[in-house]
Structures are given as structure tokens and as C-alpha cells.
Amino acid sequence: MLGFILADLRRHRWGVAAIALIVALATALGVAVTLQERAMRLGSARAADAFDLVVGAPGSETQLVLSSVFLQAAPLPLMPGRVLAGLLQDPRVAWAAPIGFGDEIDGRPIVGTSAPLLEGLGGLAEGRGFGRLNEAVIGAAVPLRLGDRFHPMHGHAFGVGLVHGGVTYGVVGRMKPTGTPWDRAVLVPIEAVWRIHHAEAAAGPAGPGGAQPDEGLDAPVDPSALLSPEATGLPAILVKPRTVADAYKLRRDYRGETTLAVFPAEVLTRLYGTLGDVRLVLAAIATGAQALVGAAILLAILVHVLQRRRQIGALRAFGAARLAVFSIVWLEVVLVLGAGLLVGVGLGWAGARALSNQLARQTGVPMPVGFMPEDAMPLALLLLAGAVVAVVPAVLAYRQSPAEALRG
Amino acid sequence: MPRLAIRDLVVSYPGLGRPALAVPRLDLAAGEHVLLTGASGAGKTTFLNIVTGLEPVAAGRVRWDEIDLAALGEGGRDRWRAAHVGLVMQEFHLFPGLSALDNVLLPARLARFRLPAALSGEAERLLARVGITRAGQKVETLSRGQMQRVAVARALLARPGILIADEPTASLDAESGAAVAGLLAELAAETGATLIIASHDPLFARANLNRRLHLDAGRLVG
């Protein structure tokens, strides 16, 4: 029987391939929505792992998390410099590090920070931490080498790119891969960032001609500068509390008029809620598409079966069992649908992979695309629905009178 | 070999004034070769459908030996036909994409789970007997005359006691038609099968058939 079915499918291979392809695309749509949403959720959750508590100026919690954890450039409001001093001296804080944005190099953000953050993000793979203000540590994915020198450019958040002609950083170390957008970042001492912008503010919009900030940067990093109550304002501070209890106390204490403390995980959970809603909408669209495809295919198969009345009826006249006729039609339909479904799962996976890779390149957040055991359920249901739908043309063939079929 | 006994058979279709077929009494001896003639619409096809069990018997009795087709359901008639009737039609109803051999074996394959090993050899023997030398050739590459030979081999695979041919030569040229007509008579004689041929072809009128039945407006004449 299988030989006959295969010969029959081969004979109609273009029609069969078209139907299988439509099934595959409809399936791929649903699979890709599920996989992509999961990849974004897992990827961003992993990226936020190292960030226990972020403190910033009052404003959007979401923007604070996006800017500090995911390094999405946006002008954040600044909080007074004494906040960092307070945190560094707080006994509930294991370590705290400033996060200051501004410049970039070839589209990669230059982040001003302090030594504890280097360790907090996983430590160095090679070289050493910055000891002088004109030294930089690069993320794992930055295409520079130890010993390279570069000029920073103004970030897009401040307008068109403008080279800080006088400033030169030297690369002294490289971070271990973290699987976060920080792999694309170049880390420099926060004081260096402050000094450059002070110098430019002093020189005015005419450019960096007046002051010579490079000379000012050729100095050792001074940790005590961070403790100064007159320190420059900061957009964000990454805080590692000593205990969970400390984390909650710090979050409470630093939610006030001048500061806003957030757990990035908490903000992300809220985002995932939104993401989940979007996924539901997309899943509904995908389901609708699948239902339409199912109906269209049923119609195509019905037409096909009706055209083949004679053939199928003739089989019975020559001695084929009635059940065999039913089975042939049913199996043909199920085989085509099943093949389409399998290909669709592959296509959906490949599509989600391609999209995730694209997003990962843009954001620096690796997005793991993978199946979970529960994914099998909707696919099994889909196949079951196909098997049930296939009964309709099979019954039509089963009820076909062989005498009529012979006459055509 | 089976004898046919028909009593009080009436086949009516809704919307028609008179019955499409009315056969009060007909007996065919086992192994008889019968030519069935009649104009289009005279009831030849209805007659063949009834005696092969393709259509249910609504009124009357149609017995092949001890089997009354009127008493069988649709599945029962399918099984009885598979075991006892070989059919050759005007159109060959062969399946493109399959070889001549696979076409001969197809109904048997679709009638039971596992093909008896001997059947494949029997199919090759039959194909050789009807003059098809390359059993593995795809059926759509054969000439029409060869296709009908394959159909004859298929009809004989189950060693049926009844061989029915409906206009077997109508879509063939004269030479192929004569060859197929000859094969049908020879093979029916070899196996002892009862042969019923419905045909307009004067070829059969000249042939040496034991018996002629003529249908006129659903009634047997002569």
C-alpha cells in the first residue's frame, strides 16, 4: 500500500510539495513566535543576572534598566555625586560602581566606571585593569587588541559624532565574555569621562581646542575621587548588596526624591508581561493563519479526491478492500501534512535563529533559541487536527460507488 | 466453476418510468462464453454491475452457485468480487507511476495485509502469457494495446471463476482489439472461467462464443 501511496505522491509531486510548503510556512510562523519570545526572555534575563540593584535618578525604571544593563543609549537624568559616596561607605553594600555613558568608539559604547565592576562582571581574560585615567579595558567582543590606542567620539545621544581630538586611550586589558551587551563595551575610569566633559564644557561648543584634556588624563586613577561629595553627577550606579535582606533595604532606602533603586529582574518581569501579551497576539495570528491554511488545504485535497473518483473507485472494483481505499487517502493526506509540519518546525527554528542572531548582533545580548518539552504539545495537537481533517476526504473516497467511478 | 442463476431481477432508477433492467429468469452454465449486445442505454452496464456486485440487488435474486448477491452487503460484495470476478473495462484503469507488474498486483496488495509470495510469480507468468515481456516497465510508457493486456493479466491474477469484459476492444485499434479478444477467449477457456463480454464490436459477433444475449430497453431478447 505504501508503495502505491508513494508512487501516487511522486506523480503529483509539485502539488504535494506546494501543499507541504504552505503547511510548513504556517507551522513555522507559530513555532518562530514561540521560540523567539522565549529566546528574548531567556537572553535578556541572563544578561541581567549580574545586575542585582541599579540606582539612578528618578525617572523611568525601564529606561534605567535598558541603559545600564543593556547599554541602550539614552540621555538619563543625573543624580548628585554624593549618592555614590554614600553607597560606597554603606556597610550593606559589598561593592558599588558608577556607570557613566557618553562617548563611543566605532559604534561601541565607552562606559566610565570603576575597578569593582570589572570583577563584578566576571573579571579579566587578559591584561590588567585600568590604573591610569587614559587606560581602557575592552569587552570580549570589541575588535581591538591590547596595546591599541584610540580616540573616543561623542555618542549619538549628544548629537553627531565628534572626535575628541586630544584624547587618546590605550587598551590594557580585555574582559572575559559575559554574554551581555557589556561584551561590546569599552570600559574606562569614570573620572576620565568626567574630565573630558568638564574640559569641553569649559572650552565651549567651539571645540576641544582650548583645554588640553589629554594632559589631564595622564594621571593615576584615584579611588578617593569617587568619595568626594562634590563628585560629578552620575546617570546610574550598579550596586552589589551583601545579602538579600540588604538588597531590599537598599532598594527601599534609595527610592526617594533624588534617587530611584530598581531590581532589573523585577523590571524585566514586568517587560516580559508585556512581551507575553504580544506573544499571545502573535500566537493568535499564527493560529488563525494555520486554521486558514488548514481550510485551504482541505479544499485542495477535496478537489483532488473528487477528481480522482474514478481512480479510487476503480481500485475497489478490481478487488481492493474498502478500508484500503480509506487508508490510502487518509495516509496520503497525513503524510503530506506531517511532512509539512516537520519542515515547518525546522523552518521556524531556523527563522528564530536568524532573527535572534540578528538581534544579538545589534544588542549584544545572545538569545538562546531552543525547544522545550512543552513545545511538542501544540505540534501534536496540530498533527492530530490534521489526522482528523484527513478523515473527511478519506470518508468521501470510502463512500464513492465503484460502479459510478468506473464510468467516470 | 460458478453457474449464474437470475430470478425476478428488477433494477429501477428514480425518475424513470420503466425499469432500467428486468430479467425474470436467466441461467448461465459454468464455463459458458457469453456475448452481451444491445444499444447504448439498453441496460448492458447495469446488467454487468449487478452480476459483478458493483451495484446492490434491490429486487429479485442473483445467485452465483450458492452465493446470493442480493443477500450480501457492500463490503461482502467487494470481498466476493475480489475473490471471484476478473474485470476488464474499456478504459484500462491502470495506475501511472507503477510498473506493469505492480499494476497487476495492486488490487491484491490492497485487499490483504501481506501479499502471498506465490502471487508475484503468478503475476509475472500472466504478464508473459498476455505477451508483456518487460514486467518492470512503467505502465504509462506502454501502448494502448499493451495496457489492455496488462489489464487482462490483472483480471486473472486471483484465478477468478468469472471473467467480465465491458467493451474491452472499444478503445483499441483493430489489430490490438483482435489480440485482446483472442486472449480473453483463450484464457477463459484455459481457466474454465465463465466469460461475459459486453460489446458492439463485430469482432465478437464473428467469434466462437457459445451464447449471445441481446438487451433491448432493459429486457433480454433471444
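In which strand of chain B is B:His33 found? I shall open with that question, and I ask you to keep in mind throughout that the model before us is predicted.

B:His33 belongs to strand β3 of chain B, which runs over residues 33-38. Its relative accessibility is 11%, and because buried means under 20%, B:His33 counts as buried. Which residues does B:His33 touch, if we do not count those up to four places away in sequence? There are four alanines to name, B:Ala185, B:Ala188, B:Ala189 and B:Ala193.

Let us now consider chain B as a whole. Seven helices and ten strands are present in this chain. Its radius of gyration is 17 Å, close to the 17 Å that the globule rule gives for 222 residues, so chain B is as compact as a globular protein of that length. The C-alpha trace spans about 50 × 40 × 35 Å along its principal axes. Of the 222 residues in chain B, 52% are buried. Please look also at the contacts between residues at least 6 apart in the sequence of chain B: 70% of these join residues at least 24 apart. As for the surface, chain B exposes about 9600 Å², and carbon and sulfur atoms supply 53% of that area.

Most residues other than glycine have a negative phi. B:Asp8, however, has a phi near 55°, a positive value in a residue that is not glycine. B:Asp8 is placed in strand β1, residues 4-11 of chain B. Is B:Asp8 buried or exposed? With a relative accessible area of 54%, B:Asp8 is exposed. The second residue is B:Glu167, whose phi is near 45°, again a positive value in a residue other than glycine. B:Glu167 sits in the loop that links β7 (162-166) and α6 (174-191) of chain B. Whereas B:Asp8 is exposed, B:Glu167 is buried, at a relative accessible area of 11%.

I turn next to chain A. This chain is divided into domain 1, made of 2-45 and 271-407, and domain 2, which covers 55-262. In the contact between them, domain 1 of chain A contributes eight residues and domain 2 of chain A contributes seven residues. The centres of these two domains, taken over C-alpha atoms, are separated by 52 Å.

An α-helix has 3.6 residues a turn, so residues three or four places apart point the same way.

Neighbours within four places in sequence aside, A:Glu61 is in contact with A:Arg255, A:Leu260, A:Val262, A:Val267 and A:Arg270.

Finally, what caps the N-terminal end of α3(A)? The cap is A:Ser60, with a side-chain oxygen that lies 3.3 Å from the backbone nitrogen of A:Thr62. Thank you for your attention.

Terms used
Residues are numbered from 1 along each chain as its sequence is written. Chains are lettered from A and ligands numbered from 1 in the order in which they are written. This is a predicted model: local features need pLDDT of at least 70, side-chain atom pairs count only at pLDDT 80 or more; totals for chains, interfaces and linings use all residues. Side-chain values use heavy atoms; hydrogens and water are left out. A polar contact is a pair of N or O atoms within 3.5 Å; within protein, one must be able to donate a hydrogen and the other to accept it, and residues adjacent in sequence count only if both atoms are side-chain atoms. Helices (H or I, at least four residues) and strands (E, at least two) are DSSP runs, numbered from the N terminus. The radius of gyration is taken over C-alpha atoms; the globule rule is 2.2 Å times the number of residues to the power 0.38. Buried means under 20% relative accessible area, exposed over 50%, partly exposed in between (1.4 Å probe, protein chains only). Contact means heavy atoms within 4.5 Å. Accessible areas come from the Shrake-Rupley method with a 1.4 Å probe; for residues, only the protein chains shown count as cover. Domain bounds come from an automatic or database domain assignment.
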